[in-house]
There are 2 protein chains.
Amino acid sequence: MAITVVGSVAYDTVETPAGRYERQLAGAATYFSLAASFFTDVRVIAVVGEDFGPEQEAVFAARNIDISGIERAPGKSFFWEGSYLENLNEAKTHNTELNVFATFNPKIPDSYRDSEFLFLANIDPVLQRRVREQMPDVKLVAGDTMNYWIKDHRAALLEVLKGLDILLINDTETKMLADNSNIVQAARAVLALGPKSMVVKHGEYGATLFHGGTRAEHSTFKAPALPLEEVVDPTGAGDSFAGGFFGYLASQKEQTPAAYRRAMFYGSVMGSYACERFGTERLQQLSREEIDARFNQFRELTHLD
Amino acid sequence: MAITVVGSVAYDTVETPAGRYERQLAGAATYFSLAASFFTDVRVIAVVGEDFGPEQEAVFAARNIDISGIERAPGKSFFWEGSYLENLNEAKTHNTELNVFATFNPKIPDSYRDSEFLFLANIDPVLQRRVREQMPDVKLVAGDTMNYWIKDHRAALLEVLKGLDILLINDTETKMLADNSNIVQAARAVLALGPKSMVVKHGEYGATLFHGGTRAEHSTFKAPALPLEEVVDPTGAGDSFAGGFFGYLASQKEQTPAAYRRAMFYGSVMGSYACERFGTERLQQLSREEIDARFNQFRELTHLD
């Protein structure tokens with residue numbers, strides 16, 4: 001069952017202890033859709049500039065990702081420059097240029113309208129809500145956000161949270177959103193804002209799935225991260241986690257508690273692969289066999305018997 | 001099968017966001033032996049001052065812990081004062097008084113000599129080695145250490161590591177000991193220094209078991225930590241983890257790879273209980289039924305099916 005994702009398709013310049021790359025295809029919707037494409041059909045809504053050409057289109061085409069909803073606008077695509085030289089767990093931002101994203105008004109192609117799953121990647125919550133309202137009949141909506149929107153666009157973000165089935169954010173964002181430094185209390189407070197479930201991502205320590213509302217009887221679940229010998233580039237790991245997680249859920253006929261657990265593992269698998277090479281390189285070259293092999297490795301890593 | 005443990009039996013004054021207590025019975029050997037006592041016989045080697053009396057003896061007696069190897073010396077017991085006001089994951093030390101520990105020379109009672117398991121809790125590596133040499137025939141030796149010994153007593157510590165089957169330390173200590181910020185590379189480097197296996201403790205994120213040497217074919221294993229609604233006092237959580245881990249291993253006829261995995265869970269169980277109340281309070285009131293109930297909760301928290 002198809003996922004529509006709205007988010008950034010962008011260019012990144014990134015420096016890590018392993019090296020540096022300039023203006024490579026990136027953005028939350030790119031990482032998400034590449035990761036999710038191994039599980040289900042993916043359709044992207046974004047805006048790009050004149051610097052987005054056949055080379056970039058080919059990356060999506062190779063994974064059968066529908067980009068008919070990517071709008072072309074005069075000017076340059078969204079650009080981000082950052083580094084992870086002191087801390088692989090936290091990016092230092094050197095430059096952000098919104099470019100064509102500054103005036104983006106997302107439109108849903110008719111061919112996307114039968115998508116049963118919607119992912120609102122990390123963008124302005126006003127845009128997230130606009131997309132959500134144009135797709136009232138989806139079966140399941142998940143979303144991401146970041147510290148900037150939590151701090152300075154809280155009212156708009158709270159509106160988005162009300163309409164979410166699943167929120168995926170990291171420890172720091174969870175604590176900031178709830179203004180509570182205990183992660184269990186913070187997660188419960190965030191669930192009270194609307195999301196029926198939430199995934200708190202702990203970077204190199206994996207992720208925890210919490211349930212609220214009518215799902216509160218389902219138990220909390222922890223997925224580990226794979227201990228990695230070398231993290232080449234953590235950029236996009238969280239978006240890749242979300243793609244693996246939501247892509248797997250969308251591939252299942254029923255989203256049972258057991259399916260959520262397996263989705264957590266697939267999220268961790270995709271996040272771990274994303275870190276192994278620069279940018280989207282590893283996701284572009286991945287196979288479903290490799291994904292399932294690592295899924296089994298995660299089981300071995302955590303199961304008693 | 002009995003464990004002999006050498007380490008501090010001490011008094012702590014501690015302040016946490018949940019409150020404060022003054023000069024309560026504490027110390028690594030106390031937490032370790034209380035936790036391990038739920039699984040096997042425990043015998044303690046330590047030194048205490050004249051401030052150690054019937055009230056403290058009763059804490060050990062209630063758990064059938066043998067303290068005939070606790071030496072009484074003129075003066076005061078080891079004392080530590082610390083707080084966790086800004087960060088529950090890291091203690092801030094306000095005062096350390098070695099007192100009777102300054103001239104401690106550990107002696108092994110004859111009645112301890114048939115112990116098959118030896119735990120060298122966090123004390124001066126010179127003392128750890130002295131105990132190790134007096135018990136050459138034990139079946140399995142595990143140990144702990146801390147940043148102070150790693151930084152300023154490295155040569156003595158390296159001698160201890162050569163004789164260890166299992167080293168249990170935290171992330172920061174692992175990275176410091178290996179001078180490597182990647183935890184997988186750091187763990188491998190530490191294993192090359194002697195320990196056949198090592199447990200890297202991640203605080204609220206659980207712990208990872210790595211194997212080296214002839215055990216290297218056994219797979220890495222991750223135990224989660226329980227998401228805790230309230231951490232009342234993290235003091236002794238690491239020592240309690242070690243007590244649960246090593247106590248369970250010692251209770252098993254054979255220390256198979258599967259037994260190591262279950263031991264990791266029991267370590268996490270004891271660490272999580274230790275944090276729930278001040279000092280050793282929760283460990284003193286615990287039952288084996290509660291321990292096994294939480295063990296099953298950990299399984300539920302991490303297992304797919």
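1. Let's begin with a definition: Ala, Val, Leu, Ile, Met, Phe, Trp, Tyr, Cys and Pro count as nonpolar, Asp, Glu, Lys and Arg as charged, and the others, Gly among them, as polar. By these classes, the lining of the largest cavity has nine nonpolar, six polar and two charged residues.

2. A word on what you are looking at. This is a predicted model, in which local features need pLDDT of at least 70 and side-chain atom pairs count only at pLDDT 80 or more, while totals for chains, interfaces and linings use all residues. Residues are numbered from 1 along each chain as its sequence is written, chains are lettered from A and ligands numbered from 1 in the order in which they are written, and side-chain values use heavy atoms, leaving out hydrogens and water.

3. Now back to that cavity (a set of points on a 1 Å grid over the protein atoms alone, where a 1.4 Å probe fits but cannot get out; lining residues have an atom within 4 Å of a point). The count is one cavity of 30 Å³ or more. The largest cavity holds about 160 Å³ of space, a volume being the space filled by probe spheres set on the points, which are joined across faces, edges and corners.

4. Who surrounds the space? Of the 17 lining residues, Tyr205(A), Pro224(A), Tyr205(B), Ala223(B) and Pro224(B) lie nearest the centre of the largest cavity. At least two lining residues each come from β12 (207–211) and β13 of chain A and from β13 (221–223) of chain B. Helices (H or I, at least four residues) and strands (E, at least two) are DSSP runs, numbered from the N terminus.

5. Next, the meeting of the chains. The contact (heavy atoms within 4.5 Å) takes 32 residues from chain A and 32 residues from chain B. Together the two chains bury about 2,900 Å², 50% of it on carbon and sulfur atoms; buried area is the accessible area (1.4 Å probe) that two parts lose on being put together, summed over both.

6. A salt bridge is a side-chain nitrogen of Lys or Arg within 4 Å of a carboxyl oxygen of Asp or Glu. Six salt bridges cross the interface of chain A and chain B, and Arg261(B) forms a salt bridge with Glu300(A) at 3.5 Å, N to O.

7. Finally, over all chains there are 38 salt bridges. Within chain A, Glu133(A) and Arg129(A) pair at 3.2 Å, N to O; both lie in helix α3 (residues 125–134), four residues apart, about one turn of the helix.

Key. On a 1 Å grid over the protein atoms alone, a cavity is a set of points where a 1.4 Å probe fits but cannot get out, and a pocket is an open set with protein on both sides within 12 Å along at least five of seven lines; lining residues have an atom within 4 Å of a point.
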